[in-house]
Amino acid sequence: MISHSKKKHQHRQPLAHLTQQGKIQQFHALWISDVHLGSIDCKAEFLLYFLNHSQSNYLYLVGDIVDIWALKKRFYWPNSHNNVIKKILELASNGTQVIYIPGNHDEAFKAYANSHFRGITLAKQHIHESISGKRFLMLHGDQFDSQVCVSRAYAKLGDHLYDVLLWLNRQLHRVRSRLGYSYWSLASYIKLRVNKAQQAVNQYRDAVLRYCAKQQVDMVICGHIHQPELSQHTINDSIITYANDGDWVENCTLIAETEIGDVQLLKWDQQTLQATAVNTIDFCSSEAKSIITPQTQHVA
């Protein structure tokens with residue numbers, strides 16, 4: 001069953017507090033996935049700062065927000081992870097409509113689909129009606145694993161190699177922080193240059209787009225593969241927009257709908273303390289167009 005969000009006037013209360021002074025970024029809707037709270041590689045501090053300095057009518061949590069798999073292996077739950085949960089609950093209580101779509105790392109929550117908890121609605125899939133009247137389907141994307149993995153052995157090998165990349169990523173971040181440099185993802189840099197990894201990304205995107213075409217929607221927003229992207233594709237003579245949130249483990253990215261109806265792929269910038277647009281698609285003009293900033297579309 002797919003739930004729906006319809007446009008309605010939101011009465012948001014002022015933010016209760018800010019952890020630090022800073023400019024508030026205003027959005028109509030935000031899509032965040034693959035935070036992996038409970039994992040040592042989660043960039044909870046960055047996400048918390050962003051949430052404390054942004055405001056939106058809708059907040060969509062597109063899976064793997066809590067990493068139950070990691071918590072079963074090793075309990076890791078610092079204050080920053082707890083504060084992210086508290087912030088999401090605060091936003092829900094202050095008028096932001098929060099929808100949570102569980103993924104594979106938090107699949108235990110799938111049993112509670114179509115239920116509500118402290119202002120948060122859980123759903124397996126959800127359709128958002130945009131300012132421009134477009135229908136955006138959101139899902140985590142783990143249901144397409146069987147169409148992407150070459151074999152079970154290869155999938156296990158990929159998991160182990162990814163763990164090694166994240167460990168290297170963590171060590172590099174510590175060194176860069178001591179030297180005064182901002183966060184940069186070695187893991188993403190390496191993945192973008194491995195042919196097998198890019199092949200899997202392409203297969204995943206194709207599987208998501210085929211499913212989206214059957215649902216007769218204008219855009220699909222997903223996560224799961226930790227590869228942020230915002231692009232347009234022609235499927236059966238129809239233009240469908242593919243949006244992947246990315247993650248808050250490697251890339252610190254999200255998808256946003258602005259207050260004028262544009263859709264953006266945003267990346268957190270530790271130096272400016274702002275989420276900046278990597279790619280923008282204008283849905284409000286007579287013909288949707290993609291405005292790409294001078295950066296690569298896949299964010300490292």
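The model is a predicted one. Its chain contains six helices and 15 strands. Of the 300 residues, 51% count as buried. Among contacts between residues at least 6 apart in sequence, 68% join residues at least 24 apart.

**Surface**

- The chain exposes about 14500 Å², and carbon and sulfur atoms supply 53% of that area.
- V175, L179 and Y181 make a nonpolar surface patch of about 330 Å².
- Of these residues, V175 is found in helix α4.
- V175 has a relative accessibility of 43% and therefore counts as partly exposed, since that class lies between the 20% limit for buried and the 50% limit for exposed.

**Helix α1**

- Helix α1 covers residues 44-52 and is mostly covered, with eight of its nine residues buried.
- The buried residues of α1 are A44, F46, L47, L48, Y49, F50, L51 and N52.

**Salt bridges**

- Side chains of opposite charge can pair when their charged atoms come close.
- The count of salt bridges in this model comes to three.

*E90 and K87*

- E90 forms a salt bridge with K87, and the closest N and O atoms of the pair are 3.2 Å apart.
- Both E90 and K87 belong to helix α3 (residues 79-93), where they sit three residues apart, about one turn of the helix.
- E90 has a relative accessible area of 14%, so E90 is buried.
- K87 is also buried, because its relative accessible area is 2%, and buried means under 20%.

*D142 and K110*

- A second salt bridge joins the side chains of D142 and K110, at 2.8 Å from N to O.
- D142 lies in the loop between β8 (135-138) and α4 (152-178), and K110 lies in the loop between β4 (97-100) and β5 (116-117), so the pair ties together parts that are 32 residues apart in sequence.
- D142 counts as buried at 15% relative accessibility, whereas K110 counts as partly exposed at 27%.

*E229 and R205*

- E229 pairs with R205 in a salt bridge whose closest N and O atoms are 3.0 Å apart.
- This pair links distant parts of the chain: E229 is in strand β10 (residues 229-235) and R205 is in helix α6 (residues 195-215), 24 residues apart.
- Both E229 and R205 are buried.

- N244 is placed in strand β11, which spans residues 238-244.
- The relative accessible area of N244 is 0%, so N244 is buried.
- Which backbone oxygen does the side chain of N244 reach? The side chain of N244 reaches the backbone oxygen of G223, at 3.2 Å.
- A polar atom of the N244 side chain also lies 3.0 Å from the backbone nitrogen of G246.
- Leaving aside residues up to four places away in sequence, N244 touches Y204, C222, G223, I225, Q227, P228, E229, I255 and L265.
- One of these residues, E229, is the partner of R205 in the salt bridge described above.
- G223 is another residue that N244 touches, and G223 supplies the backbone oxygen reached by the N244 side chain.

Notes
Residues numbered from 1 in each chain as written. Predicted model: local features only at pLDDT ≥ 70, side-chain atom pairs only at ≥ 80, totals over all residues. Heavy atoms only, no water. Buried < 20%, exposed > 50% of the residue type's maximum accessible area, 1.4 Å probe, protein only. Helix = DSSP H or I, 4+ residues; strand = E, 2+ residues; numbered from the N terminus. Salt bridge = Lys/Arg side-chain N within 4 Å of Asp/Glu carboxyl O. Polar contact = N/O pair within 3.5 Å; in protein donor to acceptor, adjacent residues only side chain to side chain. Contact = heavy atoms within 4.5 Å. Areas by Shrake-Rupley, 256 points an atom, 1.4 Å probe, with all protein chains shown as cover. Patch = residues over 30% accessible without salt bridge, like charges linked within 9 Å, V, L, I, M, F, W, Y side chains within 5 Å.
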